[in-house]
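Look at the structure first, then read on.

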Amino acid sequence: MVREEVTVGVGDAAAGLHEFPTTDMTLNIGPQHPSTHGVLRLRIVLDGERVVSAEPIVGYMHRGAEKLFEVRDYRQIIVLANRHDWLSAFSNELGVALAVERMLGMEVPERATWLRTLLAELNRILNHLMFLGSYPLEIGAITPVFYAFRERETIQAVMEEAAGGRMHFMFNRVGGIKEEVPAGWTGRVRQAVADVRSRMPDLDGLIRDNEIFLARTRGIGVLTPEQVDAFGISGPVARASGVDFDLRRDEPYLAYGELQESLRVVTRTVGDCHSRFECLLDQVYASLDLADACLDRLASVTGPVNVRLPKTLKAPEGHTYAWTENPLGLNGYFIVSRGEKTPWRCKLRSASFNNIQVLTELLPGTLLPDLVAILGSMFFVVGDIDK
Amino acid sequence: MSNLAAESPTLADFGTDVWWIIVIKVVGIFALLVALTLFAILFERKVVGRMQQRIGPNRVGPRGGLQSLADGLKLAFKEDIMPALADKPIYFLAPVIAAVPAFLAFSVIPIGPIVSIFGERTPLQLTDLPVGVLIVLACSAMGVYGIVLAGWASGSTYPLLGSLRSAAQMISYEIAMGLSIVAVFLYAGTMSTSGIVEAQESGSEVSAFGLNFDGPGWYAVVLPVSFIIYCIAVVGETNRAPFDLPEAESELVGGFHTEYSSLKFALFYLAEYINMVTVSALAATLFLGGWRAPWPISIWDGANSGWWPVLWFIGKVILGLFVFTWLRATLPRMRYDQFMRFGWKVLVPVALLWILVVATMRVLSREYDFNAGDIALYVGIPVLVLVMAVVWLWPDKAPDPTVKEGVPPTTRGAFPTPPLDLVVPPSPPLIKRDAVAAGKRGGGKRA
Amino acid sequence: MLNPYIPIVGLFALAAAFALFSVAAAPYIGPRRYNKAKVDAYECGIEPVDQPLGGARFPVKYYLTAMLFIIFDIEIIFLYPWAVANDSLGLFGLIEMVLFIGTVFIAYAYVWRRGGLEWD
């Protein structure tokens with residue numbers, strides 16, 4: 001590791017007070033640090049408490065997901081795909097399933113599509129609740145996380161009942177979903193959604209307008225739409241900066257095309273940490289509404305939930321790119337097939353990887369506590385960065 | 001009341017104890033502090049648990065009652081690590097420097113009236129001095145050294161940052177704390193803690209609208225501004241949430257005690273909780289009538305005699321601990337600069353002005369024979385109403401949507417950042433999206 | 001008649017004995033398993049960057065806070081005796097103290113104006 005000693009004289013408002021150059025302090029935030037959610041490492045140079053430069057060093061958790069995809073059967077890919085972003089496992093599986101189905105030209109039964117849409121929205125709620133709990137924790141509020149997890153537990157229970165898993169659901173199959181949901185499941189989902197909706201104000205009221213929380217997040221880490229474009233940022237982080245782009249509306253997949261009147265894309269214009277937080281918070285309400293709309297339709301949609309697959313599943317020669325609006329942002333799989341059982345090449349476009357690149361722009365000039373606030377508000381999953 | 005008044009110790013009652021009474025008191029204070037610390041840790045975890053829909057520790061001992069004791073013992077059997085880069089003597093002494101003053105501060109806190117211990121009549125207080133409260137302030141100032149030296153001697157960046165923050169924070173809030181209690185001295189006319197408790201025994205008679213009644217004696221009621229400033233300042237002084245910046249675990253990992261383990265760490269932990277107990281006890285002494293029973297109980301004649309006051313006193317301390325816990329469960333952490341700004345630009349000037357107002361009122365009421373109660377009634381209440389009205393009716397300052405606080409221009413070229421003049425060629429979805437977002441691109445351009 | 005300070009010395013002795021015993025006994029009670037990584041400075045799992053002992057020079061603004069503290073602490077030292085004796089000093093004491101606080105306030109305003117109360 002190269003030792004770096006940057007010496008700068010910072011002369012600002014306190015004229016004459018900062019004339020002596022002081023040695024800056026090099027600080028490694030991560031890979032083992034409470035606020036990096038895993039093994040992201042930031043190498044920062046500090047002048048007092050002000051960040052002079054910041055450099056995210058990624059790759060501590062690189063597992064070579066794309067290469068692993070290339071030596072797996074199309075059905076086996078799904079089990080790997082749901083692991084890179086462990087908080088949106090269902091949505092990750094979905095992308096692979098959609099890509100393979102498209103290459104095969106496969107028709108997915110209507111009921112499967114609606115169930116997938118419902119589960120994808122429930123997964124989105126789970127994901128967002130995780131961040132709604134952990135972000136205040138990073139700002140120092142220790143209570144919201146327990147309220148968020150209470151709601152997570154409610155949704156988690158119905159997800160578990162259907163899929164059998166609590167984290168890596170593995171419920172998607174090429175051509176549909178694994179199996180029909182248990183009897184009476186939709187009623188319990190409806191109850192869970194209603195429960196979460198009725199209790200969300202607890203979490204909301206605890207943190208959203210807290211004076212200290214506002215002071216810590218308003219105007220901090222402002223991300224401009226230009227930066228969003230330049231860095232390819234997507235998802236709630238981009239929408240908080242006023243970039244009103246959501247695949248569910250702008251290029252509908254699954255059943256979103258028929259849900260347009262229930263679909264509310266939450267946007268903010270300021271682009272600071274608080275608007276990113278609010279985007280996620282309000283998105284939970286929006287997703288609860290979507291889940292209800294899905295349940296309404298599911299009541300009248302019957303039929304099979306998957307299709308019978310041949311013993312060996314070979315995609316015809318060609319390539320496709322399937323992207324989905326994952327909880328964290330755009331998640332895409334570019335799959336090239338040479339007619340084998342496995343993809344010949346695979347490229348995974350994960351949301352977090354793009355989103356955190358902007359940290360080099362956002363962090364310099366901020367204070368160390370703001371660094372934590374900004375880092376938390378970027379809503380990343382380290383596995384999604386490192387793939 | 002006369003026989004009760006006789007129970008109240010005066011300065012003359014101190015320094016007369018026989019040696020074995022002193023030994024009993026010293027050991028008693030020490031034991032009380034350790035017991036209160038163990039209780040406070042458990043109490044905090046239980047209360048925070050309830051506030052977070054959990055039940056808190058319930059495995060060790062009856063209903064989890066021995067949890068903090070078990071934690072303490074566990075710490076003793078952990079490996080004691082001496083970092084290679086540490087400045088060894090200072091690293092070794094820092095926990096001692098933090099813990100000892102924490103114990104000492106309690107020596108002047110009055111726990112009860114004069115009682116009889118094995119036939120010896122003695123006040124339930126280790127000692128008292130004409131400058132009693134100064135002992136507490138001196139001890140809390142000494143405690144800062146332990147923290148600063150710990151961070152400095154660890155030879156590591158996180159502890160150093162934590163200790164620098166801590167030093168700046170503690171001395172800043174010491175100013176506010178010191179100023180907040182000046183008004184108490186003004187009213188009590190003494191700095192001795194037993195004298196201040198004595199002075200809060202009963203309030204002055206207030207005649208309002210033809211009615212005569214005893215005004216409240218507690219300085220929390222008489223001097224509300226002082227009490228509020230004191231409460232805020234001691235939260236900063238004890239490094240507790242929302243002002244727990246020195247050990248902000250999401251930023252600085254463990255803060256000043258990152259490199260400490262085993263019993264050395266336990267001493268810092270002990271010192272923090274003893275400090276909490278001490279400032280709660282000082283709040284009870286200075287503002288909440290000390291060991292005297294609160295109003296509904298004080299109707300009972302025996303409430304302030306014998307050993308009963310110990311109960312009221314402990315109750316008030318626990319109330320203080322509860323407030324600390326409540327704050328911790330509710331509030332996010334403030335940012336260092338916001339916190340310092342609040343201390344220096346709000347608390348200090350308000351405390352100074354308040355001292356001037358109180359002093360002026362007292363002098364005027366004596367020199368020109370005003371009744372302080374009258375002034376409070378006919379001037380204070382309208383002023384209070386006016387202030388409240390202004391506070392409530394003041395239009396909420398609409399937050400500027402494009403504030404860029406703390407985001408000065410990026411230093412370009414400091415690190416290989418992708419060139420921002422890179423124009424991304426519009427892809428088909430982008431064209432569609434540009435059309436959608438075109439109206440929203442007005443503001444927010446980076447400086 | 002014993003001096004009222006003696007009990008404080010007693011408590012000091014007990015507390016110091018307890019604290020010194022704790023730090024001195026800690027290495028002998030706990031296990032000792034040497035590992036180089038353990039005695040390295042904590043740097044989030046990275047080989048620590050060499051830092052001069054104590055991080056070399058501190059940013060000067062921390063000293064500024066200390067200087068401000070001394071100014072105001074001295075003010076408090078003057079305020080305490082005045083507050084205690086306020087009843088006997090009367091109007092004279094009040095006017096003196098208003099002048100004193102006013103003087104300190106000018107210094108305070110100056111420091112504020114010069115940006116001494118800006119922390120970052």
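The expected span of a helix is 1.5 Å times one less than its number of residues. Keep that rule in mind for helix α12 of chain B, which has 26 residues. The model is predicted.

**Helix α12 of chain B**
- Helix α12 of chain B covers residues 262–287.
- Its 26 residues should span 38 Å at 1.5 Å a residue, and the end C-alpha atoms lie 37 Å apart, so the two figures agree.
- α12(B) is mostly covered, with 26 of its 26 residues buried.

**Chain B overall**
- Chain B has 447 residues, and 49% of them count as buried.
- Its secondary structure comes to 17 helices and four strands.
- Among contacts in chain B with a separation of 6 or more, 76% join residues 24 or more positions apart.

**Contact between chains B and C**
- Chain B puts 75 residues into the contact, and chain C puts in 57 residues.
- On the side of chain B that touches chain C, helices supplying at least two residues each include α2 (19–51), α4 (88–104), α6 (157–180) and α7 (182–188).
- α12 and α15 (336–367) of chain B also each supply at least two residues there.
- α15(B) gives the most to this side, with 15 residues.
- The residues on the side of chain B that touches chain C divide into 47 nonpolar, 14 polar and 14 charged.

Conventions:
Residues numbered from 1 in each chain as written. Chains lettered and ligands numbered in written order. Predicted model: local features only at pLDDT ≥ 70, side-chain atom pairs only at ≥ 80, totals over all residues. Buried ≥ 20, exposed ≤ 12 C-beta atoms within 10 Å, placed from the backbone. Contact = placed C-beta atoms within 7 Å. Nonpolar A, V, L, I, M, F, W, Y, C, P; charged D, E, K, R; others polar.
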